[in-house]
Amino acid sequence: MSRDRDFSDQPDNRLEGLLRDALREEAETVVPAGDGLSRIQHTVQERRARRRWLQPVLAVTSAVVLVLAGFGAYAFVGHDRGNDKVVLGHQSDSPNPEPTSAAPSPSEAPVSDVHFPKLAIFPFTSATEERNWEKEYAAGSTPWAADPKTVALMWVDNILGQPSVDKVTGQQIAGHRAVIGLGRVVGGESAQPVDVTSVSLQKFGNAWIVVGADDPTSNLTLSSPQPHEAVSSPLTVTGPGFGVDESLQVDVRDAESPTSYGSGRTGFGNGTTQWQVDVPFTTPSKAVGTVVAVLTSNADGGPQRITAQQVRFTSTAQPGGGTPAYFYAVKDNRITQFASRDGSAIRYLTDAQPGGPVSDPQVSATGDRIYYVQGVGTCADRLMAVFINAPHGPYQVTTADTGYRIAGFAATNKPDTTSGNPHDVTALFETACDGRLSPQAKLVTTDADGNRHVINYPSMPPKINGNPSFEPGQTVPWVPRYLDAYVQTGMSGYLARYDLANPDGPTPATHACPGFDGNNGEPQAIENDASGQLWVAIQTGSSMDVVRCRPNAPVHAFTIPGNDQPADVDVTSDGSAVLLTDVDGKVWRWDGSGSAVELHPSVPLTQVTW
């Protein structure tokens, strides 16, 4: 029988770094709870009781307790003007002994004093799931989730499908954090188990929740994706090379079941600087998953090293269509990710910036970044972009000409873009800040090679209302030839199609939606999907309607009764789902059939994208 080792005796002790990173993550995300006062009072009572119990111990071991208290205790209170999240963070003042499976008294409601783990994988991925388990636990059933060693073993065995990794080789538990070492006996070698993985867990309520796993030797690590990153298929997974003749399998898996959505293999060694595995995977049924990398042993073909981390899926299979799990808009003057399910805010993608407002987010054609306008003065705008997974941070795409502001834009990009060579393709409709400036507006397009083309608008009208929209390129999607826009010519207007290769002035003769003009309703916002169908939001006088135009006659999609005025429309690349906003900031989601569903974000949102 193997004897548990304390990881603090090993030179590669990563628990302190794990705790520090986790505390920093929670400090960035927590906001106050509506029941914060009662929870603070409860916390104070707990601490008083704990101090009475610790007084005789402190007389002997005060130095040790002070170190452990600083290591295991924390309390964060943040605030946000919105009401999307309600969290009060608190951590125990002393190291937590190994938990037992004894259930609390049913009369004592469990108190969760920490924010639900951002990187939660197993057995729960949400606070709601954990609270439902608490009811069973209080009744004396399903106690295994209260023991970190059992949770780690069950996860590796049942969820990752590695039953041979069944030996606990070490453990370290401090407050609400734990690292459990797991290993196995290698066939044909010593009966002493070898370390295979170190499972990191965080306690929430009475449950211990897996938040990741690392190679104990730190050789097998993931450079990309990052933990909690939003990913889509195919997923490119990379890491630093090592060894001589290594064999690696990478899976994209469900977080709470043994389902694998897809896998890929590679070999490396002998000076390999970086390995890479491309993993195509099927559309997941849940929003949270796991990337698992398993290094195979040359001795017996079993697992030698395992590392795993949480990821989120940019699109998940939903009833009634392929509705993305998230959309993006502006909150607190920052680009923000929202849940498509109900409109609740999840996380910021950008920091607050001095200068003018942030506006008009648009997800790129490749789905990996968001374009937006950043004001930088009384008459200056920058078109910016930020990667959704944020490994590179925002970068500047282009700027408006001196004396002009960006009134609307369209943008697309080449796939596999690097931060050093973006290949962004843009169209800016710029309006003059001074009425004496000539021209009063211009449409400036820039292709992937940096070539610039300008269409001048000597006076307004005519002008482009709202954002224009690129049609996908006929040969290469990211080399568009046509740009669609609603052009106001006076008291009325039309859906125009600009030929960027042969421009014919500010009012092109070609209509973008033949058969649409003359219908009841004035276009307010437009968007092309990846197939070239143009979606248009109109106000009829008694409703907001969304119709799609190309390739045949206009087809009605859905209606919002009432006198609301459309502000923005955004459609998924496959045309299966639509977001619509009005000028008052109300948001509706349409999932491809039936009626649209109104969402209820905590702040008005007039411009949305997914």
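Modeller: Helix H4 covers residues 148–159, twelve residues in total. From first C-alpha to last, H4 reaches 15 Å, close to the 16 Å expected at 1.5 Å a residue. That expected span is 1.5 Å times one less than the number of residues. Helices (H or I, at least four residues) and strands (E, at least two) are DSSP runs, numbered from the N terminus. The model is predicted: local features need pLDDT of at least 70, side-chain atom pairs count only at pLDDT 80 or more, and totals for chains, interfaces and linings use all residues. Residues are numbered from 1 along each chain as its sequence is written, and side-chain values use heavy atoms, with hydrogens and water left out.

Now the buried residues. Buried means under 20% relative accessible area, exposed over 50%, partly exposed in between (1.4 Å probe, protein chains only). In H4 the buried residues are Pro148, Lys149, Val151, Ala152, Trp155, Val156 and Ile159. They pack against strands S4 (167–174), S5 (177–184), S6 (194–204), S7 (207–214), S10 (246–254) and S14 (303–313). A contact here means heavy atoms within 4.5 Å.

After the helix comes Gly161. Its phi is positive, near 70°.

Of its 610 residues, 49% are buried. Among contacts with a separation of 6 or more, 53% join residues 24 or more positions apart.
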